[in-house]
Amino acid sequence: MNPEEFRARFPILTRRVYVNSCSQGALSIDVDAAVRAYMDSWHEAGSPWERWVEQVEVLRGRFAASIGADPAEIAVMASASAGINAVASALDFSGQRSHVVLGDFEFPTMAQIWLAQERRGATIRRASAPADSPDTLPLASYDAVIDERTLIVPATHVCFRNGHQTDVAGLVRLAHGRGAYVMLDDYQRTGSGPIDVHALGVDFMVTGCLKYLLAAAGIGFLYVRRDLIERFEPTITGWFGRINPFAFRIDALDWPEGANRFESGTPPVPNAYAALAALDLLDRIGSDAIGRQVAHLTGHFARAAREAGFVVRTPLEPDRRGPLVVVESVDAPALVERLASRGIIASCRASGLRVAFHAYNTDGDVDAVVGALQAEASLLVRADRVLRD
Ligand SMILES: Cc1ncc(COP(=O)(O)O)c(C=O)c1O
């Protein structure tokens, strides 16, 4: 499938310029049909649980393959938060290593879940962005706080509010060199280009389906490196975290060898249908092609917005940015509304307008957004003004 054929699967793109995949991916006809197939199976068969659970297993394998992992390394969760919580609940903070190092660019759920571990003995340390460059988070910031007391370093791959991409391989080398685990939050990047978790060397990874994976809310994934799985017994657990949930035991806990030991309740079946269809569609264009298109569009947009005199907060270097480019606004919510009235769907966080690209976007979309920003220039911060201030 080429980019034009891929784009044709998303009806909304005939009516809107859609640059909001950082919030919710566009709906394809394939995902629409898969959700209907789930409804049909429910109408027709009543309660085909074997078929439904099988869909979840197929999804586990397909998602694993898409990130270079083995199926046994994947837990299918209801959200990224559920994955983080399951891992946090399995950690012991009573030993010499009780520190959790959090970077400034984490999504709130990541910070909040680890802050909640303070009651269980965790100490939170901060890797801070430099005061003179608040939209960058160099390894030096981590170097200053990771030490022999650090248990885990949860780190976002791409920041949800400024689009900065972390040097994950460098962070893994640093953390592992000091004996700490790394948990990658890949939610703002999964689906927007290739990733190989084994090559990256992360210990854990969480992500979910509603952004660049182009499916629905209510499903997330947890990856746990094979050789680590059996070290952990989460206290946030449930019957789907057992060797055989249908043994219905109430007298004892057992632990599967795979990462499904981190699961808890009934799996999110409708969302699994949607996610499988989305992964199939992404496969048909291919992650390399997606990555190339996204890198091209983000580079084009970031340069054009900068040349137009706007403040682009996302780093320009290709390996420091992901699929999201953030432009500084004097009133970002108003700007999002004005863009919507021009047929452009974008989003904002604080003062940043978020413009996110997928392989279904085109250079025409970039031109449309830049043109609309020029027309709404009174709502944007001018780079020359920042320099003068
Ligand atoms: C980087 C990042 N992590 C985590 C989340 C939330 O994950 P969940 O709601 O599945 O727990 C989001 C987005 O909503 C996100 O952008």
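A polar contact is a pair of N or O atoms within 3.5 Å; within protein, one must be able to donate a hydrogen and the other to accept it, and residues adjacent in sequence count only if both atoms are side-chain atoms.

**Entry 1: ground rules**

I am working with a predicted model, where local features need pLDDT of at least 70 and side-chain atom pairs count only at pLDDT 80 or more, while totals for chains, interfaces and linings use all residues. Residues are numbered from 1 along each chain as its sequence is written, and side-chain values use heavy atoms, with hydrogens and water left out.

**Entry 2: the ligand**

A polar side-chain atom of aspartate 185 lies 2.7 Å from a nitrogen atom of the ligand. For serine 81, I found a polar side-chain atom 2.5 Å from a ligand oxygen atom. Glutamine 188 has a side-chain N or O atom 2.9 Å from an oxygen atom of the ligand. How much of the ligand does the protein bury? Taken alone, the ligand exposes 400 Å², and the protein buries 83% of that (areas by the Shrake-Rupley method with a 1.4 Å probe; for residues, only the protein chains shown count as cover).

Next I looked up who surrounds the ligand. Among them are Phe107, Thr156, Tyr187 and Lys211; a residue is near a molecule if one of its heavy atoms lies within 4 Å of it. By class, I noted 4 nonpolar, 4 polar and 2 charged residues in this shell. Here Asp, Glu, Lys and Arg count as charged, Ala, Val, Leu, Ile, Met, Phe, Trp, Tyr, Cys and Pro as nonpolar, and the others, Gly among them, as polar.

**Entry 3: salt bridges**

My search of the whole structure gave 20 salt bridges (a side-chain nitrogen of Lys or Arg within 4 Å of a carboxyl oxygen of Asp or Glu).

I picked aspartate 32 and arginine 36, whose closest N and O atoms are 2.4 Å apart. Both lie in helix α2 (residues 29-45), 4 residues apart, about one turn of the helix. Helices (H or I, at least four residues) and strands (E, at least two) are DSSP runs, numbered from the N terminus. Aspartate 32 is partly exposed at 27% relative accessibility, and arginine 36 is exposed at 52%. Buried means under 20%, exposed over 50%, and partly exposed in between (1.4 Å probe, protein chains only).

My last pair was arginine 313 and glutamate 328, which meet in a salt bridge at 3.1 Å, N to O. Arginine 313 sits in the loop between α10 (287-307) and β9 (324-328), and glutamate 328 in strand β9, 15 residues apart. Are these two buried or exposed? Both are buried.
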